[in-house]
Amino acid sequence: MYQPIKKIDAHVHLTSLLFAQDVFQPPENPLDGDCIKVCLRRMEEYHIDQCVALFGQGIDPPGGNEINIKMAEMLPEKIAGVMAGFEQPPEEPWNYNPQKAADQMERYMKHSVVKGMGELAIAALGYMAEWPEVWSRLRPVFDVLAAHNAPCLFHTGPTPKFDTPLEKDATGKIIRRRARRETWFSDPLFIDDIAEEYPDIPLIIGHAGVQGYFYYGSYVDHALIVAARHKNVYIETSSVPYEVLVKCVEDPAIGPEKLIFGTDTPAFYGYYKSASTGEYYPSYGKTGPGEMMTDHYPVDLANIERLPITDRQRQMIMGGTMAGIMSEKHE
């Protein structure tokens, strides 16, 4: 007889700048932070046993890793593990030192609560560089992950439009313009190259290329192609509409065994209900043709529950697969 499997939300942010400003001056007790309070309250409401705390590359503040680690050590019954990230210089985030980043990740890997790296956003690293250059700078970090058999969870899917980084002089005149190439580097197809070189590392495609723009579906197809091609590539379900999840479980090259439940809690974008299909889709917009929901659990849980799969397969999606991946990491 099968033992009950813990329900694990593999994608939460406990220190996100997009949600809680208190991370600039974190409280003495990190459990008093806004994000952790929201996450714990929702986990209790929806009967989620544990979560995995992610460091949002390019979003979370300096010190975010240490806050996550401390919280995981204080609440091991609720936080199954931490996915760490390396810190970047705020003035020129693309100009990080690759060896310094690798050394930082090596230090984090020695913590028992740190289970891997994530949420790695290639879009926060590339800016106007070409992919071969971006990838060559990331390799030292992936060498560290390979040495510890540690997974990486990626952000994929176009990000919302933030302020363009324009530099101005004292009079307000624009003296420098610089694009970020955020949409370009949000494509899951780049993960295909990483999977080719590191077939021994579990690679998790967060959001399946969706995030907040589902109707422009090329990135979704790219996510599924990469997952289908590589045995070590998984799909994480936050933001992913029901019909995409069905495609995953019906594809013999993916299947339910390569799906990992996550919600991106506490998300700053919502779901809206389509007037034409009755399904829920993620959007960065603030209004829609139907109701908008910023609490992702009702939609994400309902989508998993109605998939045409067995109860055992559903349990593995809801926590068993992620628990297995994290258990393989060694210090």
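Does Glu-130 count as buried, partly exposed or exposed, and at what relative accessibility? Glu-130 counts as partly exposed, because its relative accessibility is 48%. Buried means under 20% relative accessible area, exposed over 50%, and partly exposed in between, with a 1.4 Å probe and protein chains only. The model is predicted, so local features need pLDDT of at least 70 and side-chain atom pairs count only at pLDDT 80 or more, whereas totals for chains, interfaces and linings use all residues. Residues are numbered from 1 along each chain as its sequence is written, and side-chain values use heavy atoms, with hydrogens and water left out.

Glu-130 sits in the loop between helix H4 (123–126) and helix H5. Helices (H or I, at least four residues) and strands (E, at least two) are DSSP runs, numbered from the N terminus. Neighbours within four places in sequence aside, Glu-130 is in contact with Arg-181 and Phe-185. Contact means heavy atoms within 4.5 Å. Asp-60 is 70 residues from Glu-130 along the chain, and their C-alpha atoms are separated by 25 Å.

Helix H5 itself holds Arg-137. Residues up to four places away in sequence not counted, Arg-137 touches Trp-94, Asn-95, Tyr-96 and Pro-98. His-148 lies eleven residues from Arg-137 along the chain, and 19 Å separates their C-alpha atoms.

The largest nonpolar core has 80 residues. Such a core is a set of buried Ala, Val, Leu, Ile, Met, Phe, Trp, Tyr and Cys residues joined through side-chain atoms within 4.5 Å. Phe-86, Phe-142, Leu-203 and Leu-307 touch the most other members. Helix H5 (residues 131–148) gives the most to this core, with eight residues. Another core lies apart from the largest one. This other core has 13 residues, among them Val-52, Leu-153, Tyr-234 and Met-326. In soluble globular proteins, nonpolar side chains tend to be buried together.

Helix H2 (residues 64–74) has several buried residues. They are Gly-64, Asn-65, Ile-67, Asn-68, Ile-69, Met-71 and Ala-72. The cover over these residues includes helix H1 (34–45) and helix H3 (98–109). Strands E2 (50–54), E3 (79–84) and E4 (114–120) are also included in that cover.

Two helix pairs were examined. The axes of helix H7 (residues 218–229) and helix H8 (residues 242–250) come within 11 Å and cross at roughly 25°. H7 is therefore roughly parallel to H8. Axes are lines fitted to C-alpha atoms, for helices over the stretch in contact, and angles run from 0 to 180 degrees between N-to-C directions. Angles under 35 degrees count as roughly parallel, over 145 as roughly antiparallel, 65 to 115 as roughly perpendicular and the rest as oblique. From H7, Val-220, Asp-221 and Leu-224 meet Val-244, Lys-247 and Cys-248 of H8. The residues of this contact are four nonpolar, no polar and two charged. Here Ala, Val, Leu, Ile, Met, Phe, Trp, Tyr, Cys and Pro count as nonpolar, Asp, Glu, Lys and Arg as charged, and the others, Gly among them, as polar.

Helix H9 (residues 297–305) and helix H10 (residues 311–327) form the other pair, packing at an angle of about 150° with their axes 10 Å apart. H9 is therefore roughly antiparallel to H10. Leu-301, Ile-304 and Glu-305 of H9 make the contact with Arg-314, Ile-317 and Met-318 of H10. Its residues divide into four nonpolar, no polar and two charged.

The backbone has some local features. A cis peptide bond, with omega about 5°, joins Gly-118 and Glu-119. Glu-119 is placed in strand E4. Thr-265 and Pro-266 are also joined by a cis peptide bond, with omega about -5°. Pro-266 is in the loop between strand E10 (259–260) and strand E11 (270–273). Asp-264 lies in the loop between E10 and E11. Its phi is near 65°, a positive value in a residue other than glycine. Asp-264 counts as buried because its relative accessible area is 7%. His-207 has a positive phi too, near 70°. His-207 is found in the loop between strand E8 (203–206) and H7. With a relative accessible area of 0%, His-207 is buried.
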